[in-house]
Amino acid sequence: MKIAFLGPHASFTQLATTQLFPNEELLPQANILDCFNAVENGDVDKAVVPLENSIEGTVSMTLDYLYKTPAIKIEAEAVMPIAHHLMIHPENTIEDIEIIYSHPQALAQSFHFLDTHYKHYKRKDFSSTAAAAKYVSENKDMKIAAVANQFAANLYGLQIINRNIQDFEQNHTRFIVISKQNTQYQNSSLQIIGEKSGLLITLPEDHPGGLHQVLSVFAWRKMNLSKIESRTLKTGLGNYFFFMNVNGKWEDVLHGNALQELESINANVDFLGNYKEFLLES
Ligand SMILES: O=C(O)C(=O)Cc1ccccc1
């Protein structure tokens, strides 16, 4: 099987992907959109992308492409601890550095550390932490540092200046396995920490109590929501879609006809799948 992931080698997404798919062919992609495109075009069977971080919140690009490509569903969720380190080219010193590169989520997760210790250094977004580390290793003269993981430091030969610079000790990222196959990912050697369904919901027109009506479909069935996120539809200010997670199995009768009730109140629903949540190692 071919599995795409947000690369390059030594990205956090690769660390998650190798645990989820230890025996498959893994294909690094330059960004999250390329992961979705590879799945949509059939170039790969599945892809792994980040969905949410415990410090910085949702990866909005992932939500947007889930909405844009209804053929793509979720097969699994995987949670991994995240530790960020500040690293430089070994022939430089930290005093040489002017700009710190990384994935925007990594810069945000270490914002206070960088603001306290490296206030006057510029920061620049990169497509992934590992891509930033690779760029630092290839551009000794550019006076740049990267925020990335230990594997990236090893692979790209960088020197770690500060370890564990994330602003909160508890730092976890949730990744999803996406595909067009509508199947559930299973893996008996990983710890299962939950089961849930993912839904994308839009309301046909703005009216008082619209969202309340949607939520009541879940409330009277005692279905527990574990996430609700609104994202702009990009059709004008104030127009949103909602990403929701409902805990538990979807199969029982009450849950089953929740979708019909949502349709009867004219909500547009894309059911992304019922899937398990796995715990990964850092
Ligand atoms: O940039 C990476 O290495 C990624 O895989 C995305 C990411 C960034 C920050 C925390 C977790 C995942």
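Colleague: Is Gln29 buried or exposed?

Modeller: This is a predicted model in which local features need pLDDT of at least 70 and side-chain atom pairs count only at pLDDT 80 or more, while totals for chains, interfaces and linings use all residues. Residues are numbered from 1 along each chain as its sequence is written, and side-chain values use heavy atoms, with hydrogens and water left out. Buried means under 20% relative accessible area, exposed over 50%, and partly exposed in between, with a 1.4 Å probe and protein chains only. Because its relative accessibility is 18%, Gln29 counts as buried.

Colleague: Which residues does Gln29 touch, not counting residues up to four places away in sequence?

Modeller: Gln29 belongs to strand 2 (residues 25–29); helices (H or I, at least four residues) and strands (E, at least two) are DSSP runs, numbered from the N terminus. Contact means heavy atoms within 4.5 Å. With residues up to four places away in sequence not counted, Gln29 touches Ala4, Phe5, Leu6, Gly7, Asp34, Cys35 and Ala38.

Colleague: Where does the largest cavity lie?

Modeller: On a 1 Å grid over the protein atoms alone, a cavity is a set of points where a 1.4 Å probe fits but cannot get out; a pocket is an open set with protein on both sides within 12 Å along at least five of seven lines, and lining residues have an atom within 4 Å of a point. The largest cavity is lined by 17 residues, with Phe12, Pro50, His103, Gln105 and Thr173 nearest its centre. Because both domains give residues to its lining, this cavity lies between domain 1 and domain 2.

Colleague: What volume does the largest cavity have?

Modeller: Grid points are joined across faces, edges and corners, and a volume is the space filled by probe spheres set on the points. By this rule there is 1 cavity of 30 Å³ or more. The volume of the largest cavity is about 190 Å³.

Colleague: What volume does the largest pocket have?

Modeller: Among the residues lining the largest pocket are Leu203, Glu205, His207 and Phe242. Helix 8 (210–219) and strand 14 are the elements that give two or more residues to this lining. The volume of the largest pocket is about 240 Å³.

Colleague: How many of the 9 residues of helix 1 are buried?

Modeller: The buried residues of helix 1 are Phe12, Thr13, Gln14, Leu15, Ala16, Thr17 and Leu20. Helix 1 is largely enclosed by the rest of the structure, because the buried residues number 7 of the 9.

Key
Domain bounds come from an automatic or database domain assignment.
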